[in-house]
Amino acid sequence: MKKKLLSLVMAAAMVLGLAACGSSADTTDTGSDDSASGTTFKIGTIGPLTGENAIYGLAVANGAKIAVEEINASDSSIKFELQSQDDVADGETSVNAYNKLMDWGMQLLVGPTTTGAAQAVSAVTNTDRTFMLTPSASSTDVIDGKDNVFQVCFTDPNQGTGSADYMAENMPDAKIAIIYRNDDAYSQGIHDTFVTEAAAKGLNVVYEGTFTKDTATDFSVQLTGAQSAGADLVFLPIYYQPASVILNQANAMGYAPTFFGVDGMDGILTMEGFDTSLAEGVMLLTPFSADAQDERTQNFVKSYQEEFDDTPNQFAADAYDAVYILKAALEAAECTPDMSSTDICEAVVAVMPTLSVDGLTGAGMTWDASGAVSKEPMAVVIENGTYVLP
Amino acid sequence: MKIRSMKRSTRTNLITYLGVIIAFAATVILRDSGGLSRSLTGQLVPICCYMSMAVSLNLTVGILGELSLGHAGFMSVGAFSGVIAAMSLQSAIPSDALRLAVAMLVGAAVAAVAGVVIGTPVLRLRGDYLAIVTLAFGEIIKELVNCLLVGWDSRGLHVALNLTGDKSIADLGLETEGIAIIKGAQGATSTATISTFTAGFVLVLITLFVVLNLKDSRAGRAIMALRDNSIAAESVGLNLTKYKLMAFVTSAALAGAAGALYGLNFSSLQASKFDFNTSILILVFVVLGGLGNIWGSLIAAAALTILPEALRQFSDYRMLVYAIVLILVMLLTNNPTLRSVLSRLRPGASKEKEAA
Amino acid sequence: MEFLSYLISGISLGSVYAIIALGYTMVYGIAKMLNFAHGDIIMVGGYISFCAMNYLGLPSIVGIILAMLVCTVLGVVIEGLAYKPLRAAPSLAVLITAIGVSYFLQNAALLVWSAAPKVYTPIISGSLSLFGGALKIPYVSILTVVVCLVIMVALTAFTNMSKMGKAMRACSEDKGAAQLMGINVNATISMTFAIGSALAAIAGVLLCSSYPTLMPTTGSMPGIKAFTAAVFGGIGSIPGAFLGGLLLGIIEAMAKAYISTNLANSIVFAVLIVVLLVKPAGLLGRYVPEKV
């Protein structure tokens with residue numbers, strides 16, 4: 001008994017020891033030359049840096065990092081200090097990450113990255129009065145009833161109705177199949193609004209198939225179902241990773257409908273090992289294209305590739321824009337770094353509806369008081385491995 | 001004098017209660033004087049939930065001796081039924097504390113019903129077969145909640161199951177002022193958060209009270225007799241099914257109450273939170289704390305909830321370090337050679353060992 | 001025709017489950033532990049073969065052999081470092097350690113190969129057209145089924161006929177008695193892990209070829225499904241793992257096709273529960289009566 005007790009105490013001591021030595025260093029700091037909080041604004045990002053959704057969180061952290069480095073290197077009077085925290089795309093951990101950032105002295109939040117986590121954190125920031133700008137959490141529930149929360153990305157309904165409107169206009173006679181992920185807030189949100197809008201526009205939906213995280217390996221059944229229902233247009237309101245499996249399996253089956261994706265599809269062309277010829281003719285709504293020819297995008301893609309050895313996706317671009325939006329808002333509200341996060345929040349919330357920001361993901365982005373962004377989704381089609389306007 | 005004459009188990013129990021009360025008081029004083037970081041303050045309610053989960057799972061795994069890999073399923077049932085109860089009673093019970101209590105009771109009751117439904121078939125199996133069936137039930141609960149659509153308006157509660165994938169919250173036909181409580185995979189998205197640390201403390205105390213009393217009661221001794229030798233226990237006339245089910249359902253109900261508290265602590269909650277990994281996490285608390293060792297579960301739950309947060313300075317290596325710590329702790333606490341090496345490092349320990 | 005194509009995807013998925021389940025069941029039969037890290041060894045096998053083929057430009061067969069070698073070494077090292085010290089410990093302690101190893105492998109993979117999903121180049125592509133193109137069977141499915149059958153037959157022969165195989169069976173019956181008869185129990189268990197991990201590497205290659213995507217978490221869900229399959233067929237039984245895996249795959253495909261894509265997993269698990277209630281030791285498992 002005593003031995004057991006002893007070992008338990010030792011185990012606990014070890015854990016606490018680790019906990020104790022943890023309070024000092026912050027390895028994820030992207031410091032400016034002067035890290036004292038008197039001269040720079042402290043901003044934080046939250047997203048899954050580990051776990052199966054790490055790709056999105058890392059993109060957000062990296063995109064924000066590049067923007068901060070650019071701004072700090074420029075002659076702008078506003079400088080930022082950035083810290084990125086991991087939330088494993090989980091609500092509880094996300095709230096912990098937010099609290100950790102607040103302990104550090106964060107004044108404005110860029111994040112969380114994923115919808116479920118952002119919903120949990122948005123309620124806390126609303127009570128705390130901390131300004132929150134999420135780059136990529138697209139559900140309306142994130143911003144509903146919270147005046148301090150704004151989005152950089154389109155809302156789910158915006159994408160769902162946008163897709164349905166586009167189809168109604170350009171391919172009204174298509175027989176549409178939908179394959180979506182039923183245990184994912186993002187996917188289900190777009191699906192729900194798409195179906196409502198499709199019914200209103202008289203589109204012909206012939207098949208609806210779902211999958212979950214646990215059944216995301218094999219799509220041959222859903223594809224056979226869509227094929228035998230005669231679908232010639234398959235709508236995929238999902239992320240690009242399962243979409244790449246669907247394209248591969250459809251190709252193996254010899255089923256070649258038009259595939260139509262949303263912004264989550266962006267990134268499929270840069271997947272390592274992906275045969276881009278499979279994506280030939282895929283259409284998607286996206287705010288960002290790494291192939292765009294304008295100078296800002298090209299500079300961003302270049303720095304991103306140099307620093308992270310990877311091609312940025314729309315999450316990185318959204319986070320990059322988010323930092324510039326904060327900069328514009330802070331300038332417009334004439335905030336100073338010595339203001340408390342609560343004061344900054346009130347000041348910035350007041351100026352947000354007056355802003356118009358040009359970013360990588362859209363020119364002339366504006367916001368209404370609800371927090372939703374207004375920018376045009378752009379429909380592109382993949383030809384020869386790049387996005388072109390149809 | 002009196003303490004010495006007490007039974008050993010009663011003494012340990014008293015110390016456990018006392019420890020929890022002191023820990024609570026110390027935490028509250030620290031928090032109110034600003035000595036606790038926000039990050040720790042934010043974790044207080046989840047820690048209470050996990051403590052309660054660990055103690056209740058210890059009842060199944062340590063005291064009943066059956067491996068359960070689906071404990072998060074009961075937490076899920078409790079969480080979502082608690083959220084539904086709290087959200088739909090918003091106008092009927094204006095007091096937050098009372099509504100939270102009602103929600104936790106509802107969570108416990110619904111989870112108890114789930115415990116009976118699942119326990120009746122499951123407890124006929126043994127060992128790893130029982131474990132895999134609890135895992136299966138946990139996964140089934142997760143998928144069913146993913147299909148669940150619940151809304152509330154002046155006409156009452158509306159519930160639908162989106163089995164074919166073509167229904168959405170709009171199909172409930174809610175009135176305009178109605179509230180959507182659970183939206184399928186999007187889960188509960190706008191819960192009013194009413195959980196408090198005090199409620200968590202009360203929950204832990206109640207859990208301890210229930211489990212410790214059950215353990216030291218006639219029924220508890222029967223349950224442990226079943227664990228140690230079911231055939232011998234049956235031969236002296238113990239009703240196997242009754243006692244097994246009693247422990248299993250109690251454990252489920254406590255997990256349900258903990259789930260309700262957890263669910264009402266966050267404004268957003270998805271069914272995918274309560275997956276196999278969460279069940280495993282709670283099992284880790286129990287095994288690390290010691291099977292059947294109640295206060296061990298409490299410490300392990302608190303330490304392992306804080307650990308990943310405390311490891312944040314390792315950034316990308318955080319979860320890797322967590323894994324290594326987990327493996328090392330298991331090796332240190334269970335390997336005889338390593339343990340004797342460790343005790344030799346401490347001068348006082350060898351004497352203790354001889355005394356033991 | 002649709003039914004046939006659903007059946008084929010079910011058999012193909014089931015064969016992958018079966019190969020993983022064979023590894024699970026072997027380790028369980030001898031070491032009496034649930035090796036939750038098995039699924040993650042599959043993932044490592046997938047990554048190693050991916051790197052060998054895409055970065056080093058090696059032919060796929062070399063990639064597979066390399067993956068098998070690395071996984072075998074990895075399996076033996078994990079067993080030696082993490083499981084061997086716990087041979088006398090309660091089985092739950094070993095289970096938790098296995099989970100720790102699983103977390104470790106996933107997070108190490110995340111750091112080494114990054115979070116970005118990679119698209120696996122199938123080791124064999126194309127498909128067989130039947131009935132004038134109305135039914136297409138991917139070659140990789142055929143390969144998976146064949147490999148699965150070969151492995152099952154080879155394993156059965158190995159455990160029944162070779163000396164090492166007989167030692168394994170002896171260890172699985174009674175470790176103490178086996179030791180007394182001069183069998184090196186530790187070496188036998190290490191050997192089991194080596195074989196199980198080599199099988200995991202093959203499973204990784206086939207899994208990624210059929211469902212071409214590779215992430216640090218690629219192995220975890222197939223791992224759990226395969227564990228289910230092993231229990232379904234009767235854990236510890238080699239033909240049981242094969243049968244369990246195959247049935248699991250077919251039930252999953254049929255449930256998706258004809259009942260509900262939302263509840264496919266639930267239906268699989270519900271069937272499992274019913275089967276276990278009727279046959280408490282799985283389809284082909286031996287029921288060992290308890291002694292007083």
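I take helices (H or I, at least four residues) and strands (E, at least two) as DSSP runs, numbered from the N terminus. The model is predicted: local features need pLDDT of at least 70 and side-chain atom pairs count only at pLDDT 80 or more, while totals for chains, interfaces and linings use all residues. Residues are numbered from 1 along each chain as its sequence is written, and chains are lettered from A and ligands numbered from 1 in the order in which they are written.

**Entry 1: B:Leu144**

I located B:Leu144 in helix 6 of chain B. I call a residue buried if 20 or more other C-beta atoms lie within 10 Å of its own, exposed if 12 or fewer, and partly exposed in between, with C-beta atoms placed from the backbone. B:Leu144 counts as partly exposed because it has 18 C-beta neighbours inside 10 Å. I also looked up B:Gly184, which is 40 residues away along the chain; its C-alpha atom is separated from that of B:Leu144 by 9.1 Å.

**Entry 2: chain B against chain C**

I count two residues as in contact if their C-beta atoms, placed from the backbone, lie within 7 Å. On that basis, 38 residues of chain B touch 38 residues of chain C. Among the elements giving two or more residues to the chain B side are helix 6 (127-146) and helix 11 (276-289) of chain B. Helix 13 of chain B gives the most, with 10 residues.

**Entry 3: the nonpolar core**

I define a nonpolar core as a set of buried Ala, Val, Leu, Ile, Met, Phe, Trp, Tyr and Cys residues joined through C-beta atoms within 7 Å. The largest has 352 residues, and C:Ile19 is one of those with the most contacts inside it. Helix 1 (residues 2-31) of chain C gives the most to this core, with 17 residues. Neighbours within four places in sequence aside, I found C:Ile19 in contact with C:Cys148, C:Ile151, C:Leu199, C:Ile202, C:Ala203 and C:Leu206.

**Entry 4: strand 2 of chain A**

I find 7 of the 7 residues of strand 2 (residues 80-86) of chain A buried, so the strand is largely enclosed by the rest of the structure. A:Phe80, A:Leu82, A:Ser84 and A:Asp86 point one way from it, and A:Glu81, A:Gln83 and A:Gln85 the other way. In a regular strand, side chains alternate between the two faces of the sheet. I take two strands as paired if DSSP finds at least two bridges between them. Strand 1 (residues 41-47) of chain A runs parallel to strand 2 of chain A, joined by 7 bridges. A:Lys42 stands opposite A:Glu81.
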